[in-house]
Amino acid sequence: MLFRSPALVFLHLKYRMYLNPLHLQLWLLVKPIITEKMSESAEKFSRYGFIVNEHANKLQIKQAVEKMYGVTVEQVNTSRYIGKIKIRNTKQGMGIGILNRCKKATVTLKKGDVIDFYASI
C-alpha cells in the first residue's frame with residue numbers, strides 16, 4: 001500500500017487498533033466553515049460546511065459528523081482547492097508564496113437536525 005502523506009501511515013489498518021475513535025474524528029474534521037453564506041445555507045437547507053483532511057473520503061466524513069454531533073447525514077459533497085501562488089512586489093524584491101490547499105465538505109442533514117457550533121463555548 002502506497003502512502004501519500006505521513007498522516008496516512010498513522011491510519012493504516014494495523015495501527016488502528018491503537019487509536020481511540022475520537023482521534024479518528026478529530027483527524028478527519030479539521031474545522032467547521034462559519035461564514036454568512038454557510039449560515040444562511042444551514043438555516044434554509046440544513047447544509048453545513050467543514051474543512052476536512054485531504055485524504056478523507058465521503059463515508060469517513062459522514063461517520064465522523066454523525067458521531068461527533070449526533071445527527072443523521074443524508075448527503076456529503078466534497079471539493080478540493082489547490083494552493084494558489086501569490087506574488088508580491090516589496091522593497092526587497094519579488095516575494096513568492098503559496099496558499100494552503102484544502103478539501104471542503106458540505107454535509108446535508110436530515111430534515112429537523114441541527115448542529116450548534118457555539119453550544120460548547
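Predicted model: local features only at pLDDT ≥ 70, side-chain atom pairs only at ≥ 80, totals over all residues.
Residues are numbered from 1 along each chain as its sequence is written, and side-chain values rest on heavy atoms, with hydrogens and water left out.

A pair of aromatic rings is described by the distance of the centres and the angle of the planes. Rings of Phe, Tyr and Trp (the six-membered ring of the latter) were paired if their centres lie within 6.5 Å, with planes under 30 degrees apart counted as stacked, over 60 as edge-to-face and the rest as tilted. By this rule, 4 aromatic pairs were found. For phenylalanine 50 and phenylalanine 117, the ring centres are 5.9 Å apart and the planes stand at 80°, so this pair is edge-to-face. Phenylalanine 50 belongs to strand β2 (residues 47-52) and phenylalanine 117 to the segment after β6 (102-109), so that the pair links distant parts of the chain, 67 residues apart; here helices (H or I, at least four residues) and strands (E, at least two) are DSSP runs, numbered from the N terminus. Both phenylalanine 50 and phenylalanine 117 are buried, where buried denotes under 20% relative accessible area, exposed over 50% and partly exposed the range in between (1.4 Å probe, protein chains only). The ring of phenylalanine 117 also pairs edge-to-face with that of tyrosine 69, because the centres are 5.9 Å apart and the planes at 90°. As tyrosine 69 lies in helix α4 (residues 58-69) and phenylalanine 117 in the segment after β6, this pair ties together parts that are 48 residues apart in sequence. Tyrosine 69 is partly exposed, at 29% relative accessibility. One aromatic cluster is formed by Tyr48, Phe50, Tyr69 and Phe117.

Charged groups were also found over aromatic rings, the criterion being that NZ of Lys or CZ of Arg is within 6 Å of the ring centre and within 35 degrees of the ring normal. The charged end of arginine 47 sits over the ring of phenylalanine 45, 5.0 Å from its centre, and that of lysine 104 sits over the ring of tyrosine 81, 4.5 Å from its centre.

With a salt bridge taken as a side-chain nitrogen of Lys or Arg within 4 Å of a carboxyl oxygen of Asp or Glu, the count comes to 2 salt bridges. In one of these, glutamate 40 meets lysine 44 at 3.3 Å, N to O; the two residues are 4 residues apart in helix α3 and thus separated by about one helical turn. Glutamate 40 is partly exposed at 46% relative accessibility, whereas lysine 44 is exposed at 58%. Arginine 101 forms a salt bridge with glutamate 54, with the closest N and O atoms 3.0 Å apart. Since arginine 101 lies in the loop between β5 and β6 and glutamate 54 in the loop between β2 and α4, the pair ties together parts that are 47 residues apart in sequence. Arginine 101 is exposed, with a relative accessible area of 57%, while glutamate 54 is buried, with 17%.

Serine 46, in the loop between α3 (36-45) and β2, has a positive phi of about 60° although it is not a glycine. Serine 46 is buried, with a relative accessible area of 12%.
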